[in-house]
Amino acid sequence: MEIVSKGLIAAIALLHGYILWLEMFAWTTQAKKVFKSLPEDLFEKTKVMAANQGLYNGFLAAGLLWSLAITDPIWSKNVALFFLICVFIAGLYGAATASKRIFYVQSVPALLGILSVLFREF
């Protein structure tokens with residue numbers, strides 16, 4: 001179960017690293033292909049706001065990766081849970097305010113990660 005748990009954490013961290021890249025560096029180019037529901041004229045107008053959101057996604061990714069690097073199993077578990085819960089809550093908020101799809105892309109993997117961390121043996 002530990003391999004599954006760490007794999008989920010790494011995958012969620014990579015997802016948030018990808019979101020960071022889209023929102024901070026590719027908002028007016030590649031992000032248009034991903035966020036198709038936004039009108040094209042909004043991308044340039046919201047570039048600064050998107051970069052700010054991307055930075056927060058980077059913090060989530062960094063925290064999840066940090067949890068994988070911690071050698072103390074209790075600290076690793078607690079840090080992972082904190083950041084996974086943050087991802088889960090952010091996904092719930094995004095699903096409620098922006099798009100229901102965010103729940104499946106962000107909250108469901110985070111919930112699976114939370115459950116895997118809670119049930120892995122230390």
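**Reading the terms**

Author: L15 sits in helix α1, which spans residues 2–25; helices here are DSSP runs of H or I with at least four residues, strands are runs of E with at least two, and both are numbered from the N terminus. This is a predicted model, where local features need pLDDT of at least 70 and side-chain atom pairs count only at pLDDT 80 or more, while totals for chains, interfaces and linings use all residues. Residues are numbered from 1 along each chain as its sequence is written, and side-chain values use heavy atoms, leaving out hydrogens and water.

Reader: Why is L15 called partly exposed?

Author: Buried means under 20% relative accessible area, exposed means over 50%, and partly exposed is in between, with a 1.4 Å probe and protein chains only. L15 has a relative accessible area of 24%, so it is partly exposed. The C-alpha atoms of L15 and N57 are separated by 9.1 Å, though the two residues are 42 apart along the chain.

Reader: And what makes S67 count as buried?

Author: S67, found in helix α4, has 0% relative accessibility, so it counts as buried. Apart from residues up to four places away in sequence, S67 touches I9, S76, V79 and A80; contact means heavy atoms within 4.5 Å.

Reader: S76 is on that list. How do you know whether S76 is buried or exposed?

Author: The relative accessibility of S76 is 6%, so this residue counts as buried. S76 has its place in helix α5, and besides neighbours within four places in sequence it is in contact with S67, I70 and R120.

Reader: What about L68: why is it described as partly exposed?

Author: Its relative accessible area is 26%, and therefore L68 is partly exposed. L68 lies in helix α4 and touches K6, I9 and A10, not counting residues up to four places away in sequence.

Reader: What makes a group of residues a nonpolar core?

Author: A nonpolar core is a set of buried Ala, Val, Leu, Ile, Met, Phe, Trp, Tyr and Cys residues joined through side-chain atoms within 4.5 Å. The largest one has 16 residues, and those with the most contacts inside it are I9, L64, L84, V87 and V117. Two or more residues come from each of α1, α4 (47–69), α5 (73–97) and α6 (101–119), and α5 gives the most, with seven. V87 touches I12, H16, L60, L64, Q106 and A110, leaving out residues up to four places away in sequence. A second, separate core has six residues, including L22, A26, A31 and F43. In soluble globular proteins, nonpolar side chains tend to be buried together.

Reader: How many of the residues count as buried?

Author: Of the 122 residues, 34% do.
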